[in-house]
2 protein chains.
Amino acid sequence: MTGYLDDIRVDPSEIAAQEALYGPLTQSIRSLIDAAIRTEVDSEDIAGATAALTQVASLLRARQIDGSYGAQPSVTGVQRSWASPVIGVRNPIAPPLILEHEPDGRVWARFRLGAGYEGPPSLVHGGVSALILDHVLGEAVHASGHWGMTGTLTLRYRRPTPLNRPLRADARIDRVEGRKVYADGSISDERGITVEASGIFILPTGYAAAR
Amino acid sequence: MTGYLDDIRVDPSEIAAQEALYGPLTQSIRSLIDAAIRTEVDSEDIAGATAALTQVASLLRARQIDGSYGAQPSVTGVQRSWASPVIGVRNPIAPPLILEHEPDGRVWARFRLGAGYEGPPSLVHGGVSALILDHVLGEAVHASGHWGMTGTLTLRYRRPTPLNRPLRADARIDRVEGRKVYADGSISDERGITVEASGIFILPTGYAAAR
């Protein structure tokens with residue numbers, strides 16, 4: 001099994017070209033998600049928009065892979081993350097987070113969350129914080145050269161996380177015990193930590209521990 | 001503070017009319033999310049789709065609320081949930097789950113998750129399971145006549161959750177201790193439980209406990 005740092009093995013110019021093609025498509029759908037929640041245009045315009053969007057979806061579906069993105073045997077390297085609901089270049093559900101890796105293994109990202117991620121009024125949905133933290137902790141595990149699926153994840157909500165404000169996610173691994181990697185992380189706003197997470201990531205049996 | 005069962009106080013025919021208007025718009029964008037991940041049409045068609053979608057987003061933004069949906073003082077009752085990233089009629093991020101309430105307080109939903117919710121190949125992202133369970137446990141808390149924000153949420157991943165298969169989420173409250181409501185739940189596939197969750201939901205100070 002390969003770790004995160006082995007992932008970069010596809011021609012970088014091809015990756016950049018595909019990102020330039022799919023990135024704006026994904027971004028236009030992110031804008032539609034936000035607009036669909038916030039629009040106040042009249043019912044004729046809503047119906048017209050619906051018809052136009054349905055037509056574009058048909059055009060995109062004229063040729064498509066069977067099933068999900070990651071299941072394609074051809075998808076390797078950095079493209080593996082493109083369908084991610086947290087960081088995916090091709091997934092409009094993803095805010096997306098753009099992860100930064102520190103030499104000491106810490107992983108972090110700055111981001112904002114808008115109308116599509118709301119729980120209580122003006123606040124980030126607690127489950128969205130959980131989604132993000134699961135992913136960022138998992139990335140810290142990968143960045144350390146390990147690989148594993150989430151075994152246990154515990155979230156402590158210290159105070160509400162605001163929508164439409166600068167946020168930051170941080171994660172690092174704490175220790176490795178056999179097949180278990182322990183990772184910690186948090187989401188912060190400008191005033192400090194809002195949600196803490198700790199997780200145990202487990203290498204499925206059948207895989208040797210990396211490195 | 002009101003509980004879930006007090007929420008239905010808007011004219012039902014108006015609610016139905018709005019759902020009939022916004023539901024298909026949201027569904028067309030859900031289809032686009034899936035299509036954007038899976039499409040293999042050529043780059044000219046991608047560029048054409050991007051331009052068309054950007055235009056529709058502008059049309060929808062011609063008149064829109066400021067900020068997020070839930071922050072509008074006019075939004076009450078069942079419409080409060082329409083922006084939810086788990087059950088929202090107006091949120092394309094939501095699969096959506098359609099929650100069923102049992103007389104004994106249990107809450108459950110049947111659903112499937114497609115390409116937009118992928119973590120490891122062909123499997124549901126662990127953070128997506130966390131998002132769904134946070135929401136469904138919270139709904140069980142509301143259904144019991146209480147209200148609270150997530151304080152602690154613990155997820156135990158027993159085995160992988162498959163994409164594109166029938167899934168089910170279940171939740172119920174276990175007990176109430178002062179301002180704390182303890183809830184449990186799970187996601188299951190056809191073979192049984194894949195992820196278990198337990199949460200403590202806390203009534204923020206300043207609100208009296210409901211009922």
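Chain A has three helices and six strands. Helices here are DSSP runs of H or I with at least four residues, strands are E runs with at least two, and both are numbered from the N terminus. Along the sequence, the pattern reads α-α-β-β-α-β-β-β-β.

A word on the source. This is a predicted model, where local features need pLDDT of at least 70, side-chain atom pairs count only at pLDDT 80 or more, and totals for chains, interfaces and linings use all residues. Residues are numbered from 1 along each chain, chains are lettered from A in the order written, and side-chain values use heavy atoms, without hydrogens and water.

Now the overall dimensions. The C-alpha atoms of chain A fill a box of roughly 60 × 45 × 30 Å along the principal axes. Of its 211 residues, 52% count as buried. Buried means under 20% relative accessible area, exposed means over 50%, and partly exposed is in between, with a 1.4 Å probe and protein chains only. Take the contacts in chain A with a separation of 6 or more: residues 24 or more positions apart account for 64% of them. Contact means heavy atoms within 4.5 Å.

On to the pair. How is chain A superposed on chain B? A rotation of 180° does it, with 0.0 Å of shift along the axis and an RMSD of 0.0 Å. That is the relation of a two-fold axis. In chain A, A:Thr154 has the C-alpha nearest the axis, 2.2 Å from it.

Next, the interface. 80 residues of chain A are in contact with 80 residues of chain B. 100% of the interface residues of chain A are also interface residues in chain B, so the copies meet through the same surface. Together the chains bury about 7,000 Å², with 64% of it on carbon and sulfur atoms. Buried area is the accessible area, 1.4 Å probe, lost when two parts are put together, summed over both. On the chain A side, A:Ile37, A:Arg38 and A:Glu40 lose the most area, together 9% of what that side buries.

Last, backbone geometry. Most residues other than glycine have a negative phi, and most peptide bonds are trans. The bond from A:Pro95 to A:Pro96 is cis, with omega near -15°. A:Pro96 sits in the loop between α2 (43–60) and β1 (100–101). A:Asn164 has a positive phi of about 55°. A:Asn164 lies in the loop between β3 (149–157) and β4 (167–177), and is partly exposed at 38% relative accessible area.

Conventions: Least-squares fit on C-alpha atoms with pLDDT ≥ 70 in both.
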